[in-house]
Each structure stands twice: as C-alpha cells, then as structure tokens.
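Q: I'd like to learn how to read strand pairing and chain contacts in a model like this one. Can we walk through it together?

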Amino acid sequence: MSETEPTGQAPHIARLPSNSGAHNLVVMHNVELWFQKSPGVPGSEHREIRDLRYQLRREGNIVRSARVARDGKISFRAPLGETLVELLVDNRVVASYRVIVEEHALEAVNTVTGQQRRLRMLGYHLGHSGPSGDGVDGSMGSRTEQAILNYQTDKGIAIVGNVDSATRNALTNDVVT
Amino acid sequence: MPIQVKVYRQRLGQETTSFRQIIVPIRFGRAVNGAPVRDAPDPDDRGFALGSEGIWRLTNVRGPVVGVPVGETIRLKVLREDIDATAPIFVTSSQERVVVTPITALGADGIFQVRVTGPVLVGAKIEARLGATDGPILGEMIVHVMGWTNVPVCCHLVKLNGTVMNDGGNPVPAKTGRTQSAVRTLFDNVNAIWLPMGIRFNIVEWKDTECRLSTTHGNITGAYQGLIGIDNSDQWWIQANELMHVNRRPHAINVYFVRGTYDADNGTFNTTRGIGTSVTAATDYGVVVADPGDGNDLAHELGHVLNLDFHGGGNIGHADDTSTSEHSRDNIWIRRRLMYSYNPYGSTGDGTPARRVNVGYGNYVRGSLITQKHLAGDPTDGEYAEARTHATSALP
C-alpha cells in the first residue's frame, strides 16, 4: 500500500502567488466515502466492501494509491470541485467516480428532492434519471418509492411507503457524519 | 464513464455539517422482465434486512433472498447501479453444491445461472466480486435451498346448472371452455410462480363434474345460471362453497373450473376470477376459477388454500389509501406480491387512478412475488414458511 498524499489536519491551504498581492485561499474539505454491499448507516451488519484498491486523481495527477479501510471507507481532503476516485484491479482502472464537493444547504427533507438526496447519501438506488444521473429528479417515481420502502424496512420503522415524520427524522439524522 | 458522486457540506454560521456518502455498486434482480418465467424467479429484495424468518438470519449475510429447489437451475442478474457498465464482475458461490456460471466475467447484461446440485448448509450465498473470482465482494445474496414438495390437485371441468340461454335467447355453454391441455398450460404458469417455494402442484385426476347448485344467491337465474353468483354481500362465497363440496377427491386440492362469475349487485361478469379457501377452514377447501382467470389468478387462489392471506390481512395497506391515492405501499409492494388485494381498485392494468403500472415485471404485468423474508410490521409476511407448512402430499 502506498500513500502519497499528506494527511495533515490543517483546515485549509493558503498560497500566495509571487505575482499577486492578494491571498489565494484554497479551502480543503474532509471527504468520506463508504463502499458498501448494502445501503444504510455504516458500522453494522457487515455491510462494508473490503479490500478494494483505489487511486485518487486530481487535475490529471494521481495523488494517492491505497486500499479502502476495513470499514470500506475512503477519507481524503479535497477542495470544492472535482476529484476522481478510480477503482483498480491489477493496477488497471476498472471503474471511476467523479466526486464533486459542494458546500450549500441540502434541499429540505419535506421535498421529494431532499428525500431523494438523503436516500442517495445512504446508498439507496434511485435509477439514473435527473441532471446528475443519480436518480435525484424531484419526481416520486417507482424507484424512489421502492427506496423509501427499503429504507423503512431496514430502519425498523413503520413501512408506510410515503415519507412520514418518523422517516423524515430518520433520514435527517442518518445522513450526518 | 465515471459515476458522479456529490458530497455535500453545509455551513451554518461557524458550524459546518458534513454528510456521509455511501456507494453501493451493484444489486441483484430478476433475469428477465415480463411475466413469470420458471427459471427466472423474483428475489425477495425488500429491504436489506432479513427479518425473523429462516435460520439464515443468524448468519452475517444481508441482502436479497432467492429460493431454489434442489436440482433446479435458475437465472439471475447483477445490475450495475453505481459502478461503470464495463467493470469486470464475477459471480461466485460460497458452497460447492450451489454452482454458478459463467466462471468468467459477466457480460453486459449481467445475467448468470445458479444450479443447486444437493442440500446445502445454512447460509449459502452468491457473491458478486470485482475483477476476479477472489476479488472484493461488491454484493451478496442468500440462496435458500429446499427440497420439492408435491401437492396433489384434482381438476374439475365443471358443467353448472345445465344449458343456459344468453340475453339474445341463444344457448350458451354451461361448461367451462377450458380443455385439459389448456389447464395443463395454466399449471405450468402456476408452477413457475411457485418454484422458489419448492412447491409443485401435480394434477393427479381429472373429473367432468356436473351439478345443479341448490343455493340461490343474487340474481343467478335465467341467462346467468351457468355462472357462480358473486356479489358484495357477506355471503358472496356461498355458491362457490357449495360447488367445492361436489364430487371431491380427498387428500388433494380440488380445483373447479367454471365458465364465469356474475356479480348481481353490480351486473358485472368475472370481476372476481377466482376463489380460494384455506386448508385450515372448517369447510371444504379448494379453488374455483372462472374461464378468464390466468395463471397468476390460479397461483394466487392456491396461495389462499395454503393459508396465505391477502397482504395486510385483506386490508389495503395504507390507512390513507383511497381509490385516487398513490401510496407506494400499495403500488409497489402489494401489487408486486402474488397475494396482493385485487379489490376494490382493479388490476394493475388500470391506469386510472394513477397507480404504478409497472411493479417490477413490466408495464401492466402483475407481480408474483411470494415472500421469503418475514419483515417486521407485516402480519401476512413470511409466506414461504406458512405455505410450506400447509403444502403436503397428505392433505386432509
């Protein structure tokens, strides 16, 4: 296992170009991704995918090559914007994820989009509709309904199919790290 | 093409909230779309918890469950939900008697075969792996292996109340229009649906049953005498019940094929296409099926004989559900299940009100899932265990 990226705890990186009189502040954010065999909050029931090898690529450069942690987690620090997570088999890239860090409020949990966003954060599949191709499209389609039912089942809350207050509360709490 | 993953942070004043992002690359599903097929069962993938049924709940496996009788070969599919379409995925089995093919990487369609060659230890599972047969496990499902239980069936081709006349004064047949060949085809469909339970309905006898019902119910006279009277009163089943006492073969499920049913209250024909009564009932158990009934209808009624109730015990699942609501529990889970409540809202082919016309089998195709899991909060779940308890070659 090689680890080429520093893992210091500094909250941000500031650099001052020689030809500039101003500070150029690059804020670095902690990013945590969990690879799991099934959706839901990590840390229980053997959901984690182990032994995945991956590399991080930013602006075309490989900044880390490593193996996921025992809990299936990849942690790294990234600026707002895009980082590529590439899964490796025999040092060959076989799958990749374009990880985009955004800083803004989540859509309200009482909206379909907000519910879809949280279900996706927890790993539930919604299909590939919507602008990001992740099923978050603001429409209560059959895949979203199926995901709600699966989530309610896994949480052991009443399987009512629609997003009631218990489901809203659970979704709100479960997505926060 | 990379999968896009958005990671969110939310800043409120000085406080920053980070949100988790979980990636589940694959899931398992039916190998085919459309009507039930014998070798392409519907895995019970409701949630990833296993509920209280089966010894497998004691294992560390989480995910869907598929039933396969010993000696059978089925097809399943890996769906690449959150991983590149070209990612090399291999499927392996945790036990020798569960044989998986191909041993090479799956094709673009993700389909693979599972053949069960003998009894297995509890917790047999199929694993989808990345890159090689010993690669990281991306997903897993339980293979629930069981032996076959053969259930004897006696088929009655019924002629009811003699020749009747239709409204135009023309004679119409009082006998079912089904032939033995057609009924055999119907049971092929039924046995395809029941295969994941390891239950096989075997026709052991044919009877040409002719009778004249003594009970009257509704306006079953004149042109309607060849039909079983059905209406919405508390006694709607009374004529079917009388028929199920006629010419019975003991220690078998007696299935009576009739020309049709008539609801005198509403003046409608064949809105009820089948009636099934449980082996646990005080009266004679059995099935009555109208000519328009299909394999799904018959499989459903046979479920009642094996003491399976409608999902939710006969109640429509959601307390707020009405004929115009869109609660998913009714649309997705109830209607995907073989034992869903057909009434009062009509079939999945009914586009009005706005119900899901596709519950996982394709547009306007009814589901046929019989549940393996026993999930909390559903008194009619755990259908595998219930049906197997009552499916026996030594019926009363």
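Q: Which residue is the bridge partner of B:Val99 in strand 9 of chain B?
A: Strands here are DSSP runs of E, at least two residues long, numbered from the N terminus, while helices are runs of H or I with at least four. Two strands pair if DSSP finds at least two bridges between them. Here B:Val99 has B:Arg115 as its partner in strand 9 of chain B. Strand 8 and strand 9 (residues 111-116) of chain B run antiparallel, joined by four bridges.
This is a predicted model, where local features need pLDDT of at least 70, side-chain atom pairs count only at pLDDT 80 or more, and totals for chains, interfaces and linings use all residues. Residues are numbered from 1 along each chain as its sequence is written, with chains lettered from A and ligands numbered from 1 in the order in which they are written.

Q: What is the strand order of the open sheet of four strands in chain B?
A: Reading across, you get 4-6-9-8, with antiparallel pairing. Strand 4 (26-30) and strand 8 (98-101) of chain B sit at the edges with a single partner strand each, so one side of each has no neighbour in the sheet.

Q: How many residues of chain B are in contact with chain A?
A: Contact means that C-beta atoms, placed from the backbone, lie within 7 Å. By that rule, 53 residues of chain B touch 60 residues of chain A. Strand 1 of chain B gives the most to its side, nine residues.

Q: Which strand of chain A is joined to strand 1 of chain B?
A: That's strand 7 (residues 92-103) of chain A, running parallel to strand 1 of chain B with seven bridges. Along this pair, A:Val99 stands opposite B:Val5.

Conventions: Contact = placed C-beta atoms within 7 Å.
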